[in-house]
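The following note concerns a predicted model.

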Amino acid sequence: MCNLPPMICSDLDGTLLPYGQSAVSGQALTLIRRLQARGVLFCPASGRQYTSLRRLFAPVAEGCVFLCENGAVVYKDGAVIAKTPMPRDLALAIARDMWQGSEGRGEVMLSGENTSYLMERGLGMLRRIREIGNRYRVIADPADIPEEIVKVSVYLPDGSAAYADRFVPRWRQANAAVAGPYWIDTTLANKGLGVQALCRVLGLDPGQVMAFGDNYNDLPMLDAVGLPYIMDGAAPALRARYPRHTPRPEDVLARLLDR
């Protein structure tokens, strides 16, 4: 029987959680339980916060490690084991630029360790944050945030593609990247650094780790591991970059467990 990877990391939206789906499938949860029974760590790797991820994976959460806020905050056993804050002046400058530069068609979220701070104007971000179960506060001025900021994002209900050229080059120093159909994220961390931190703490070889992703903010994670998989629905440039493709992570996990 082949060796299983010691840890499997998966992006959520567009990967393990198809766009428009609000819950992890029963099949996926069953496969994660089977992996955990075989000693494999499962790591949700997402731009979401810990509270939201813990809720989403509640049936299997005790055996998971969590890469949150695109790698800026990493949790194991309910405790933070790695965090990458942004310089406050940089985070505030990005937030104000995204608020003004989205021309009234964007809303801004600043992420702390486990709270989302929302600058909203009624475009749907608040509803979305409530749906995914984040802890949150609505704010008027980002300078009022009482903790370190780890990520700044803009929610664009008309689509992130229309604003990618505006924000991504401007904030390249903060790893600006399209994070889905409606989001552009900035952070000094990335999913690759989060995976590396986990491997350091847990004594794992990244070359033996498996990961699944579908978007540009997944690239550092996919590049950091030895067994990267890109989703069939990813952009052609991403599919060309990685030889392993799959329509669903569940298909790969089932083959791993059954062979």
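1. The side chains of K151 and E69 form a salt bridge, with an N to O distance of 3.0 Å. The two partners come from distant parts of the chain, 82 residues apart: K151 belongs to strand β9, while E69 sits in the loop between β3 (65–68) and β4 (73–76). Both K151 and E69 are buried.

2. A salt bridge also joins E148 and K83, whose closest N and O atoms are 3.1 Å apart. E148 is in the loop between β8 and β9 and K83 is in strand β5 (residues 79–83), so this pair ties together parts 65 residues apart in sequence. E148 is partly exposed, at 43% relative accessible area, and K83 is partly exposed at 32%.

3. Between R105 and D158 the closest N and O atoms of the salt bridge are 2.8 Å apart. Because R105 lies in the loop between α3 (88–101) and β6, and D158 in the loop between β9 and α5 (161–167), the pair ties together parts 53 residues apart in sequence. R105 is partly exposed, with a relative accessible area of 30%, whereas D158 is exposed, at 51%.

4. The structure holds 16 salt bridges. D11, K191 and D218 are linked in a salt-bridge network.

5. In helix α4 (residues 125–132), the residues M125, L126, I129 and I132 are buried. Viewed down the axis of α4, the buried residues fall within an arc of 135 degrees, so they line one face of the helix. R127 and E131, on the other side of α4, are exposed.

6. The buried residues of α4 pack against several elements, including α2 (50–56), β6 (107–111) and β9 (151–155). Just after α4, G133 adopts a positive phi of about 85 degrees.

Methods. Residues are numbered from 1 along each chain as its sequence is written. This is a predicted model: local features need pLDDT of at least 70, side-chain atom pairs count only at pLDDT 80 or more; totals for chains, interfaces and linings use all residues. Side-chain values use heavy atoms; hydrogens and water are left out. Buried means under 20% relative accessible area, exposed over 50%, partly exposed in between (1.4 Å probe, protein chains only). Helices (H or I, at least four residues) and strands (E, at least two) are DSSP runs, numbered from the N terminus. The arc is that of the directions from the helix axis to the C-beta atoms. Contact means heavy atoms within 4.5 Å. A salt bridge is a side-chain nitrogen of Lys or Arg within 4 Å of a carboxyl oxygen of Asp or Glu.
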